[in-house]
Amino acid sequence: MGHGRTGGWGDAELYGALARIFGYTAFRPHQLEIVKGILGGHDSLSIMPTGGGKSLCFQLPSYLMDGVCVVISPLISLMKDQVMALKASGVAAAYINSSLTPGQQAEAIRRAAAGAYRIIYVAPERLDMPSFLAFAQNARIPLLAVDEAHCVSQWGQDFRPSYLRIADFVRRLPRRPAVGAFTATATRRVRDDIVKMLDLEEPLCLTTGYNRPNLHFASVKPTNKFTMLCSFLDTMPGECGIVYCNTRRTVEDVAGKLAVNGYSATRYHAGLSDAERHANQDDFQYDRARIMVATNAFGMGIDKSNVRFVVHYNMPRDLESYYQEAGRAGRDGEP
């Protein structure tokens, strides 16, 4: 399945693998460069828009390289989705995170050590586990991919302390893998932080640009926000979308009033129980609720292709957040 060489991949072979595994006939902008850089053993920092095809940039090399590639992701729901999709494409993949029992985690590590997988997704907290470190020190790991890499920066969207220990984990491996960092949003300050905190060595830095032609941006200044929201929703009957609010109280207020007015709406914020958050997210994911009213706690890694609109009821703190949240619409390429 994989090949023993690290560099020198011809374009024809890479296009062949792209078609065979993912069913695509063409790479998106810069994907081919990133894939070749990784296959050549280079560190990389890729800034690609939400829905711009980041995951393919580490999934394709992991299929072609010898050993097992490790992907660090903060998002349990995304790991599950991507592993299911990879398995469906015939790529042996697994994830290790807190949704598994200790027995299941141990079994996944045992199978990984036996060479059962091409790619393993792990939460960053896993890197501190003695059993995982022992596996990693004895495995052949050609690539460590860090998804949502802005989490290493306190200037990023949400600071995850466990991300700060990734560089330390890499230093403890007998052979240094290529390290690829991926994020959708990065100011220069965040980019510099990522390079420094992950200890990237002369990384290939690529920004694919922010334009996604199927997205349409507009702003309005209504006299009554809620009335305006309802009249907008009425122009999108039966469509799914997200309404972002900046406080939990506004989420409760807007979601409650939408429900009273007969809209299929649910809510999401950090003040709800885990059980309710998961249930509401599933309702939205599977179209049982059309409208998700949420704070910015919702959405990172939401891979729902048919989100037709994103409404910012309140504006977010900065342009990066606005762009990242708006980019959750139209992942299927439709307007």
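Two strands count as paired when DSSP finds at least two bridges between them. Strands (E, at least two residues) and helices (H or I, at least four) are DSSP runs, numbered from the N terminus.

This is a predicted model, where local features need pLDDT of at least 70, side-chain atom pairs count only at pLDDT 80 or more, and totals for chains, interfaces and linings use all residues. Residues are numbered from 1 along each chain as its sequence is written, and side-chain values use heavy atoms, leaving out hydrogens and water.

Now for the sheet: four strands in the order E9-E10-E8-E11, open and parallel. At the edges sit E9 (265-268) and E11 (307-312), each pairing on one side only. Here's how the pairs line up.

| Pair | Bridges | Facing residues |
|---|---|---|
| E9 and E10 | four bridges | Arg 267 and Val 293 |
| E8 and E10 | four bridges | Gly 241 and Ile 291 |
| E8 and E11 | five bridges | Tyr 244 and His 312 |

Helix H9 (residues 225-234) touches E8, E10 and E11, its direction making about 170 degrees with that of E11. Helix H12 (residues 319-326) touches E8 and E11, at about 150 degrees to E11. For these angles, axes are lines fitted to C-alpha atoms, for helices over the stretch in contact, and values run from 0 to 180 degrees between N-to-C directions.

Methods. Contact means heavy atoms within 4.5 Å.
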